[in-house]
Amino acid sequence: LPKLPCCVHSVPQLTHLLSVAAEKVTSLGKDWHRPCLRCEKCNKTLTSGGHAEHDGKPYCNHPCYAALFGPKGFGRGGAESHTFK
């Protein structure tokens, strides 16, 4: 089995093969190990089809995507209390 493009870390080949065989998800046009599909901002594990995308990277819908890329201002999308620096 080939190494999935989501993995930038090196893992022993046996561990990698077990991980791929255990579960693979497809999202954003790529295959991922389930634990590798994470929000770029908060690192929360995401589900295939249950997240947002910006510039080809996955983000959780709330609060990260809404706070970073959604409408700004009070009462917009429920993310007004979240501010990222």
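**Briefing: fold, core and aromatic cluster**

The secondary structure of the protein chain comes to two helices and four strands, where helices (H or I, at least four residues) and strands (E, at least two) are DSSP runs numbered from the N terminus. Along the sequence these elements follow the pattern α-β-β-β-β-α. The model is predicted, so local features need pLDDT of at least 70 and side-chain atom pairs count only at pLDDT 80 or more, while totals for chains, interfaces and linings use all residues. Residues are numbered from 1 along each chain as its sequence is written, and side-chain values use heavy atoms, with hydrogens and water left out.

**Surface and contacts**

- Of the 85 residues in the protein chain, 26% are buried; buried means under 20% relative accessible area, exposed over 50%, and partly exposed in between (1.4 Å probe, protein chains only).
- The accessible surface of the protein chain is about 5700 Å², and carbon and sulfur atoms account for 55% of that surface. Areas come from the Shrake-Rupley method with a 1.4 Å probe, and for residues only the protein chains shown count as cover.
- Among contacts (heavy atoms within 4.5 Å) between residues at least 6 apart in sequence, 20% join residues at least 24 apart.

**Strands E1 and E2**

- E1 and E2 run antiparallel and are joined by four bridges; two strands pair if DSSP finds at least two bridges between them.
- The two strands form a hairpin with two residues between them, and Leu28 in the turn has a positive phi of about 55°.
- Thr26 has Asp31 in E2 as its bridge partner.
- Gly49 sits in the loop between strand E2 (30–33) and strand E3 (52–54), and it counts as exposed because its relative accessibility is 70%.

**Nonpolar core**

- The largest nonpolar core has eight residues: Val25, Trp32, Leu37, Cys39, Leu46, Tyr59, Cys60 and Cys64. Such a core is a set of buried Ala, Val, Leu, Ile, Met, Phe, Trp, Tyr and Cys residues joined through side-chain atoms within 4.5 Å.
- In soluble globular proteins, nonpolar side chains tend to be buried together.
- Leaving out residues up to four places away in sequence, Cys39 touches Lys44, Leu46, Pro58, Tyr59, Cys60 and Cys64.

**Aromatic pairs**

- Rings of Phe, Tyr and Trp (its six-membered ring) pair if their centres lie within 6.5 Å; planes under 30 degrees apart count as stacked, over 60 as edge-to-face and the rest as tilted.
- By this rule there are two aromatic pairs. The rings of Tyr59 and Phe69 have centres 5.2 Å apart and planes at 75°, so this pair is edge-to-face.
- That pair links distant parts of the chain, with Tyr59 in strand E4 (residues 57–59) and Phe69 in helix H2 (residues 61–69), 10 residues apart.
- Tyr59 counts as buried at 11% relative accessibility, while Phe69 is partly exposed at 30%.
- The rings of Tyr65 and Phe69 have centres 5.4 Å apart and planes at 50°, so this pair is tilted.
- Tyr65 and Phe69 are separated by about one helical turn because they are four residues apart in helix H2.
- Tyr65 is partly exposed, with a relative accessible area of 27%.
- Ring pairs link Tyr59, Tyr65 and Phe69 into a cluster.
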